[in-house]
Amino acid sequence: MIVVQEVTKAYGTRTLFDNVSVKFQPGNRYGLTGPNGAGKSTFMKILTGEIEPSNRGKVIKPKKVGVLQQDQYAFDSERIIDTVMMGNAVLWDALKERNELCSATEFTDEMMERMGELESVVADENGYMAEIEAAEILRGIGLTDNNHSDLMSTLATDYKFRVLLAQAVFGNPEALLLDEPTNHMDLESIHWLEEFLHDYDGTLIVISHDRHFLNEVCTHIADIDYDTIIIYPGNYDDMVEHKMQARSSVEQENRDNAKKVQQLQEFVSRFAAGQRASQVQSRRKEMDRLAPAEMKRSNIQRPYVRFEQLKPAGKDVVRIKELSKSFDDLQVIKNFTLDIARGEKIAIIGGNGVGKTTLLRCLIGELEIDKGEIKWGSGMSWGYYPQDSGDQITLGMTSFDWVNQFEPSGDQQIVRGLLGRMLFSGEESSKPTDALSGGEKARLLMAKLMLQKDPVLIFDEPTNHLDLESVSALGEGLSQFPGTVMVVTHDRDLISQVATRILSFTPEGIVDFPGNYEEFLVKYPLPEREHHHKF
């Protein structure tokens with residue numbers, strides 16, 4: 001169990017959470033939710049001990065807590081199996097010191113005594129079985145025994161994160177804290193992770209912007225809202241429904257009470273100066289009792305995303321014929337042919353590093369192709385949202401000024417209205433671009449695309465920095481867009497919401513599937529994994 005007692009965290013005048021007391025029970029899987037900037041990662045760092053609360057609040061947690069490390073390059077010079085065993089810091093430090101002592105040529109009495117102490121630590125931490133346990137976990141995440149002694153630097157990004165996850169669960173921790181574990185994972189890896197976490201029987205707290213993942217994994221949601229943390233039973237969709245119902249109930253009660261207060265006020269006005277003083281007084285007390293319940297502003301805010309086109313594209317949007325592209329000796333795309341018609345919405349899926357982004361960059365002319373032909377329809381234009389979206393925004397400007405330069409008519413009211421719909425209302429529109437969070441930059445870039453009104457929209461991993469409500473709003477905007485969409489994403493809800501056609505990059509080549517994601521999964525189901533390791 002993890003117990004949080006009266007914890008407050010504030011930065012300057014801004015309070016993220018105030019006097020929070022909450023318990024996370026063993027056997028439950030909690031999704032920690034809230035919009036960008038709500039304080040999810042800050043709260044997670046308070047749980048791990050990386051940062052301190054602003055007050056004297058405290059966190060009581062088990063002795064063994066597994067934490068997912070965020071820097072996938074931090075262990076590049078380490079062996080894979082050693083990286084896993086580092087998850088038990090007490091054991092790893094003891095093994096390291098013992099090995100250093102063993103390499104000495106002469107032993108003093110102090111060294112021999114210390115060796116005995118270290119052997120006790122190793123025994124207490126089940127260190128003699130450590131490599132066997134680590135190897136078992138590595139097999140469970142899909143790495144064969146032949147790879148275990150390789151360096152971490154030899155692994156692809158998604159497998160590095162799998163090893164870091166293995167590190168977090170090594171030594172059977174009683175609690176597991178995971179901040180965005182699905183980042184850098186493809187669809188198959190996310191599916192594997194869901195099964196992996198279903199086997200864990202300790203206390204799990206996870207942050208994710210993947211709605212589908214939270215709905216699959218979580219038994220409870222710990223939502224940061226109203227300056228506190230409220231725990232709801234069920235998954236993310238259950239929480240949103242419960243929250244909206246509770247708010248609607250209070251709003252309805254306030255409306256009913258307002259009608260009663262009006263009737264009481266009429267009685268008080270009529271008889272205040274008369275002989276019915278006691279009745280007037282009782283009605284005044286009743287009016288005080290029926291005063292509207294104070295409602296803090298909920299932090300569930302959804303931007304309003306709607307893409308338009310100045311004029312529809314022609315029937316044939318783009319034709320790709322026998323396209324090939326290599327980087328040195330690595331051939332990423334080979335003899336690929338594709339015709340895209342007006343109004344199609346194509347989701348491009350597949351593992352990391354297989355060529356999805358390369359295809360998009362070839363299409364828009366950012367990369368020179370080795371062979372083949374790309375022919376766009378006459379007068380075609382596109383809006384492009386790159387994976388490194390933050391780099392597109394000029395620093396040293398206000399958010400309003402940056403967006404305003406893309407409004408062709410120069411009408412500032414149009415820009416202010418658009419920024420308001422994208423959650424930059426009032427003073428927020430004057431926020432310097434240097435101070436924007438990843439999610440705010442993403443919403444600004446979407447505002448730019450909404451102003452440009454191109455008939456083709458091309459998105460590369462647009463959900464990376466968006467909160468759950470913004471991802472949902474983007475899905476609505478793309479599904480209702482009358483033009484053509486190409487989107488690279490690992491977000492299954494976004495694919496299901498938008499795609500009418502799937503391009504799947506596989507080791508055997510690119511599969512072009514004419515249908516939605518549910519139909520695609522019927523024909524090409526995600527593989528079920530064997531559960532090699534039970535926690």
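**A walk through the model**

Modeller: Let's start with a cysteine. C362 has 4% relative accessibility, so this residue counts as buried. Keep in mind that this is a predicted model.

Colleague: And C218, buried or exposed?
Modeller: C218 is buried, with a relative accessible area of 8%.

Colleague: How many disulfides does the structure hold?
Modeller: The count is 0.

Colleague: Back to C362. Which buried residues of α11 go with it?
Modeller: The buried set in α11 is K356, T358, L359, L360, C362 and L363.

Colleague: What comes just after α11?
Modeller: G365 does, and this glycine takes a positive phi of about 85°.

Colleague: Let's get to the sheet. What is the strand order?
Modeller: The order is β11-β10-β13, in an open sheet of 3 strands with antiparallel pairing. β11 (330-341) and β13 (371-376) are the edge strands, each pairing on one side only. From one strand to the next, the twist averages 15°.

Colleague: Which strands of the sheet does α11 touch?
Modeller: α11 packs on the sheet and touches β10, β11 and β13. The direction of α11 makes about 125° with that of β10.

Colleague: How many bridges pair β10 and β11?
Modeller: There are 8 bridges, in the antiparallel sense. F327 stands opposite L330 in β11.

Colleague: Where do side chains point in a strand?
Modeller: In a regular strand, they alternate between the two faces of the sheet.

Colleague: New topic. How do β1 and β2 run?
Modeller: They run antiparallel, and 7 bridges join them. β1 covers residues 2-11 and β2 covers residues 14-24. Y11 stands opposite R14 in β2.

Colleague: What about G12 in that hairpin?
Modeller: The hairpin of β1 and β2 has 2 residues between the strands, and G12 takes a positive phi near 65° there.

Colleague: Now E308. Where does that one lie?
Modeller: E308 lies in the loop between α10 (277-289) and β10 (316-327).

Colleague: What does E308 touch?
Modeller: K453, D454 and F481, not counting residues up to four places away in sequence. With K453 there is also a polar contact of 3.4 Å between the side chains.

Colleague: And how far apart are E308 and G34?
Modeller: They are 274 residues apart in sequence. In space the gap is 29 Å, C-alpha to C-alpha.

Colleague: Last one, T484. Which strand is it in?
Modeller: T484 is in β16, which covers residues 484-488.

Colleague: Buried or exposed, that T484?
Modeller: T484 is buried, with a relative accessible area of 0%.

Colleague: Which residues are in contact with T484?
Modeller: Leaving aside neighbours within four places in sequence, T484 is in contact with V317, I340, A341, R342, G343, E344, P455, V456 and L457.

Colleague: What does the T484 side chain reach at 3.0 Å?
Modeller: The backbone nitrogen of G343.

Colleague: Great, that gives me a start.

Definitions and conventions. Residues are numbered from 1 along each chain as its sequence is written. This is a predicted model: local features need pLDDT of at least 70, side-chain atom pairs count only at pLDDT 80 or more; totals for chains, interfaces and linings use all residues. Side-chain values use heavy atoms; hydrogens and water are left out. Two strands pair if DSSP finds at least two bridges between them. Helices (H or I, at least four residues) and strands (E, at least two) are DSSP runs, numbered from the N terminus. Buried means under 20% relative accessible area, exposed over 50%, partly exposed in between (1.4 Å probe, protein chains only). Contact means heavy atoms within 4.5 Å. A polar contact is a pair of N or O atoms within 3.5 Å; within protein, one must be able to donate a hydrogen and the other to accept it, and residues adjacent in sequence count only if both atoms are side-chain atoms. Axes are lines fitted to C-alpha atoms, for helices over the stretch in contact, and angles run from 0 to 180 degrees between N-to-C directions. A disulfide is a pair of cysteine sulfur atoms within 2.5 Å.
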